[in-house]
Amino acid sequence: MIAPDWFREDRLPHIYCTGCGNGTVINCTLGAVEEMGWKREETVFVSGIGCSSRAPGYILTDSLHTTHGRALAFATGVKMARPDLNVVVFTGDGDLAAIGGNHFIHACRRNVDMTVVCMNNHIYGMTGGQGSPTTPPGAISTTTPYGASEPAFDLAELAVAAGANYVARWTSYHVKELTKAVAAGMQTPGLAFIEVRTQCPTNYGRHNKLRRVSDMIEHLRSHAMLVEKRDRLVQEGKPVPDDIFTVGELVRRNRPAMGVKS
Ligand SMILES: Cc1ncc(C[n+]2csc(CCOP(=O)(O)OP(=O)(O)O)c2C)c(N)n1
């Protein structure tokens with residue numbers, strides 16, 4: 001536990017399964033909050049619905065646990081009414097990119113001053129493992145028993161294209177890099193989007209030949225490629241393996257933003 005002062009101990013036991021990556025992501029985010037020196041009464045956590053969206057319930061600040069897909073709409077309202085507050089959103093790949101997809105692109109376009117941390121476990125975890133917009137082609141889920149046939153969204157690239165001022169991607173294996181990235185996002189005025197690829201051993205790993213938690217984390221580690229390395233391979237005309245995803249900082253820029261503290 002990285003930030004005991006921010007932890008709502010009376011909410012234990014938590015709902016997460018053994019081996020879930022969400023606790024790691026919460027810890028890294030709170031580590032970044034501590035690095036920022038934010039005060040609890042000036043910070044609000046907002047979420048939608050899902051296992052990932054239960055995270056604000058374990059944090060000792062005011063928070064909004066809203067409706068499925070609408071976290072960014074509620075968070076935008078908070079920021080417009082009270083630009084002096086620090087707003088952090090926890091969301092899942094289903095919450096953010098399926099039912100909440102439009103809120104996602106428009107919050108990035110508006111560049112609302114908030115930090116969005118998406119726990120991307122490639123599945124609808126809470127409801128039993130249905131496929132989501134980030135389920136990799138070929139992956140088994142309860143709605144894709146023969147393997148997903150659709151291409152997956154790249155959430156970080158989507159945020160870059162839609163206009164967010166800061167975008168990074170890491171995994172639950174890269175705890176130091178992740179903490180730094182969340183802090184960098186918090187420091188950047190405008191919308192900061194941090195995608196975290198994380199493990200859902202119960203509803204994803206068991207069905208995809210990654211039965212042990214350590215198998216899932218090793219899979220994340222070994223398939224992550226630094227964005228600079230990918231760019232170098234492309235520049236040198238060398239092949240980029242199909243099964244990797246990029247990690248690192250994808251963008252840090254200064255587009256006009258909404259709701260920035262004066
Ligand atoms: C309007 C609405 N539709 C569907 C649901 C059911 N539902 C609850 S959580 C969830 C999926 C959550 O998936 P994700 O956001 O990826 O979070 P995870 O549980 O994987 O962390 C769904 C479909 C709901 N609560 N409300």
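Two strands pair if DSSP finds at least two bridges between them. Helices (H or I, at least four residues) and strands (E, at least two) are DSSP runs, numbered from the N terminus. Keep that in mind, everyone, and let's look at the structure.

This is a predicted model, where local features need pLDDT of at least 70, side-chain atom pairs count only at pLDDT 80 or more, and totals for chains, interfaces and linings use all residues. Residues are numbered from 1 along each chain as its sequence is written.

Now zoom in on β5, residues 166–171. On one side, β5 runs parallel to β6, joined by six bridges, and R169 has E195 as its bridge partner there. β5 also pairs with β8 (residues 245–252) in the antiparallel sense, over four bridges; here A168 partners E249.

Is β5 enclosed or open? Six of its six residues are buried, so β5 is largely enclosed by the rest of the structure. Buried means that 20 or more other C-beta atoms, placed from the backbone, lie within 10 Å of a residue's own. Y166, A168 and W170 cover one face, with V167, R169 and T171 on the other.

What lies across this region?

Next, the nonpolar core: buried Ala, Val, Leu, Ile, Met, Phe, Trp, Tyr and Cys residues joined through C-beta atoms within 7 Å. The largest one has 53 residues, and V89, V117, V182, L191 and F193 touch the most other members. Helix α1 (residues 22–36) gives the most, six residues. There is also a second, separate core of seven residues, including C20, I123, Y124 and C200.

Finally, the ligand. 17 residues surround it, the closest being G50, G92, G94, D95 and G125; a residue counts as near if its C-beta atom, placed from the backbone, lies within 6 Å. Helix α3 (residues 93–97) gives the largest share of that shell, three residues.

Technical notes
Buried ≥ 20, exposed ≤ 12 C-beta atoms within 10 Å, placed from the backbone.
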